[in-house]
Amino acid sequence: MLIPEFLLSNPKLTDNFVTGSPTSRGLFFSELLTLAGSNLALAHSVFKTSACRTVLTVADLNDMSADTIGSFSVHKPYDTVKIVNGKLYGNKHWITNATNASVAIVQIMHEGNIVLCKTTLPPDRTQFLVSPGMMNSNTFDVTFNGESADVLFTKTSEQYFIPSKHNTLCFVTNHLGAVTGLLPHMHEVSDFEFRLRDLKTILLNDVSTTDTHIKSSDEFWHRRNKLYLESKQLLVNTLQRIIEYNAGAFYGLNNMQGQHFFNCLTYSGHNGPIQNNYKQLVTEPQDY
């Protein structure tokens, strides 16, 4: 479970993506990658707290300190939540850190556009992820019933680019970290090891050298989306290899590799089948 004590004892995981130096951004993603190799649920929770902090920073708000837990959720096609007279009504799915977050950022459809809203989380919620291990990411469905909606900015605004870039990089990091935790328990994985090394190098070079305020471009997003898909494909291929050749070592929940395997299975389908992601490999930003 993500708790303030964990964040405070791991200061690199509370560094701000927007205001940090290229070096500090590289360290954040390196630490997140390592964490995802041993505890994917916790890495996902850290990712969502960082995503919340990134949005608030871009919006020039200061609602989070190093020990504050944030909640964040992108729009899902089956969400029904709407803004009516400045308030939220309806259901919102896949909100991570829903039980212990003091700040919440939710992405919803409003007047034909994706918007990012700051709000509070309602008490009416249902735990969504109940798979072994990933339940500790505290991912819930919630029902809004009149909570205030402070619209920060829309997907069409320049400000949206920075949190969208951050989210994609975090997903890539968790994919690669997940594979990192699987490979030591497998046999004959040299092909995976070489690909994992290459993708890690691309990721860490990118996050430590790229200006957070770089202008969005077709060429930039084609590269970013391609990196996302390649990292997710590597995770899916690794899981498939385990199922075909290494299942016995991973099918028990009483050991670390078994828990990590089931976490990775859940996470690999977190944003739908990879075939759907390939359909999104276009030049515009994706929220996955």
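**Group meeting: a walk through one predicted chain**

Let's start with glutamate 188, which counts as exposed at 72% relative accessibility. For that word, exposed means over 50% relative accessible area, buried means under 20%, and partly exposed is in between, with a 1.4 Å probe and protein chains only. Glutamate 188 sits in the loop between helix H4 (161-182) and helix H5 (190-209). Its phi is positive, about 50°, although the residue is not a glycine.

Now the ground rules. This is a predicted model, where local features need pLDDT of at least 70 and side-chain atom pairs count only at pLDDT 80 or more, while totals for chains, interfaces and linings use all residues. Residues are numbered from 1 along each chain as its sequence is written, and side-chain values use heavy atoms, with hydrogens and water left out.

Next, the whole chain. The protein has eight helices and eight strands. These are DSSP runs, numbered from the N terminus: helices are H or I with at least four residues, strands are E with at least two.

How does the radius of gyration fit the globule rule? It agrees: a compact globule of 288 residues would have a value near 19 Å, and the protein has 18 Å. That radius is taken over C-alpha atoms, and the rule is 2.2 Å times the number of residues to the power 0.38. The C-alpha trace spans about 60 × 40 × 40 Å along its principal axes.

Burial next. Of the 288 residues, 53% count as buried. The accessible surface comes to about 12,300 Å², and carbon and sulfur atoms hold 53% of that surface. Those areas come from the Shrake-Rupley method with a 1.4 Å probe; for residues, only the protein chains shown count as cover.

Contacts. Take pairs at least 6 apart in sequence: 73% of their contacts join residues at least 24 apart. A contact here means heavy atoms within 4.5 Å.

Charges. There are 22 positive and 25 negative side chains, and the centres of the two sets lie 2 Å apart. Lys and Arg count as positive, Asp and Glu as negative; His and the chain ends are not counted. Each charge is placed at NZ of Lys, CZ of Arg, CG of Asp or CD of Glu.

On to single residues. Asparagine 16 belongs to the loop between helix H1 (4-9) and helix H2 (22-36). Is asparagine 16 buried or exposed? Buried, with a relative accessible area of 16%. Its side chain reaches the backbone nitrogen of valine 18 at 2.8 Å. A polar atom of that side chain also lies 3.4 Å from the backbone nitrogen of threonine 19. The polar-contact criterion is a pair of N or O atoms within 3.5 Å; within protein, one must be able to donate a hydrogen and the other to accept it, and residues adjacent in sequence count only if both atoms are side-chain atoms.

Serine 30 is partly exposed at 29% relative accessible area. What separates serine 30 from leucine 203? They are 173 residues apart in sequence, and 9.4 Å apart in space, C-alpha to C-alpha.

Contrast a second pair. Aspartate 218 is in helix H6 (residues 218-250). Aspartate 218 counts as exposed at 51% relative accessibility.

Now the strands. Tryptophan 94 lies in strand S3 (residues 87-95). Tryptophan 94 is buried at 10% relative accessibility. Its phi is near 60°, a positive value in a residue other than glycine.

Threonine 119 is in strand S5 (residues 113-119), and is buried at 5% relative accessible area. Which backbone atom does the side chain of threonine 119 reach? The oxygen of serine 148, at 2.7 Å. Beyond neighbours within four places in sequence, threonine 119 contacts Leu88, Ala104, Val106, Phe144, Glu147 and Ser148.

Last stop: valine 142, in strand S7 (residues 140-148). Valine 142 is buried, with a relative accessible area of 2%. Threonine 126 is 16 residues away in sequence and 6.4 Å away, C-alpha to C-alpha. Leaving aside neighbours within four places in sequence, the contacts of valine 142 include Gly90, Asn91, Lys92 and Ile95. Pro122, Asp124 and Arg125 are also among them.

That's the tour.
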